[in-house]
Amino acid sequence: MSGQVTGGEAAVAALEALGVTCVFGVPSQQNLGLYDALSRSNRIRVIGARHEAGAVHAADGYARATGELGVAIVSTGPGTANAVNGLYEAGFASSPVMLITTQVDRIHLGRGKGFIHDADGQFAMLQSVTRRTDRVLHAERIYETIVALARDILTGRPQPGAIEIPTDLLAARTAADFPEPRPVAPIAPAAEAVAAAAERIAAARRPLVWLGGGCVRSGSAEAIRRFVEHLGAPVVTTLNGRGALPSDHALAVGTATQYPAFARLLAEADLVLAVGTRFQAVGTGFWSLPLGTNLVQVDVDAAMIGRNYPAAAAVV
């Protein structure tokens, strides 16, 4: 792309460069400049919602089902407030969701004059439910900011992010000089951590494997199947981890970790290998389930290691 484009076209160019093929949202007078640009895209399908919360929940569901970035587009003030509960849910479920919203024209921004949908606290509100929230104040920054936000959302443990674009920037002109986004590199584990975990697993006589939602999100089903079949260990999953191993597999125990029958199985295990889970409340009987002292925990988020149960070995 060369020459001049609008801010709305720059935003669409960023989404196309990121490989986005579907967005969800609610048009309004504040974001028409973005929808106008989307109407000319031959790569991105726009799915309308009747409510902003529905748009973000749809983007969340899309991200979980496809493994791709989910994108929702709403408008300033009340529209963004409606979107907050969907962002909160996406964060809790480690779902990669981007919210693109608007702000009042820059001339009115931060002045509290009562311009239509004036929402001074919107940025702080979005920060409270996202890992990263950005605001652009120049049209030439729209493309790079959306790309950087997407990289943050998709790095490590996926989390939602948001961007505010003042309405006047959607019509502002900027140079169409857009570099190709760099792919997001996976986090590489430390070799010594892998060796320590492998040593414990190899020494175990009766291991138990506990798979969480991170296993589904990572797209590792085939590697997981090969590993557990080599190990010959029973496998339990969290509710979000369903599908990490087919439920009809001979080693699959199910998700009912809070029931007495599972406690008996757990008591026989001399090692628990937990992958992509932080051991949430219900599945552990509100953390009353004894996991023993030989827990090996694997997670993309270092903050989850030992969060609810101490780990004897850990791989990030």
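Strands β6 and β7 run parallel and are joined by four bridges. β7 covers residues 161-166. The model is predicted.

Both strands belong to an open sheet of six strands. The order is β3-β2-β4-β5-β7-β6, and the pairing is parallel. β3 (45-48) and β6 (132-135) stand at the edges. Each has a single partner strand, so one side of each is left without a neighbour in the sheet. On average, neighbouring strands of the sheet are turned by 25 degrees against each other, direction ignored. Strands of a sheet pair through backbone hydrogen bonds, in either a parallel or an antiparallel manner.

Helix α1 spans residues 7-17 and is mostly covered. Nine of its eleven residues are buried. These are G7, G8, A10, A11, V12, A13, A14, L15 and E16. G19 follows α1 and has a positive phi, near 85 degrees.

Positive phi values also occur in residues other than glycine. S94 has a phi of about 55 degrees. This serine lies in the loop between α4 (78-92) and β5. F279 has a positive phi too, near 60 degrees. F279 is found in the loop between β12 (271-275) and β13 (295-298). The relative accessible area of F279 is 2%. The cut-off for a buried residue is under 20%, so F279 counts as buried.

A nonpolar patch on the surface is formed by I187, V300 and V316. Together, these residues have about 210 Å² of accessible area. I187 lies in the loop between β8 (173-175) and α7 (191-203). The relative accessibility of I187 is 42%. Partly exposed residues fall between the buried limit of 20% and the exposed limit of 50%, so I187 is classed as partly exposed.

Methods: Residues are numbered from 1 along each chain as its sequence is written. This is a predicted model: local features need pLDDT of at least 70, side-chain atom pairs count only at pLDDT 80 or more; totals for chains, interfaces and linings use all residues. Side-chain values use heavy atoms; hydrogens and water are left out. Two strands pair if DSSP finds at least two bridges between them. Helices (H or I, at least four residues) and strands (E, at least two) are DSSP runs, numbered from the N terminus. Axes are lines fitted to C-alpha atoms, for helices over the stretch in contact, and angles run from 0 to 180 degrees between N-to-C directions. Patches are made of residues with over 30% relative accessible area and no salt bridge: like charges are joined within 9 Å, nonpolar side chains (Val, Leu, Ile, Met, Phe, Trp, Tyr) within 5 Å. Accessible areas come from the Shrake-Rupley method with a 1.4 Å probe; for residues, only the protein chains shown count as cover. A salt bridge is a side-chain nitrogen of Lys or Arg within 4 Å of a carboxyl oxygen of Asp or Glu. Buried means under 20% relative accessible area, exposed over 50%, partly exposed in between (1.4 Å probe, protein chains only).
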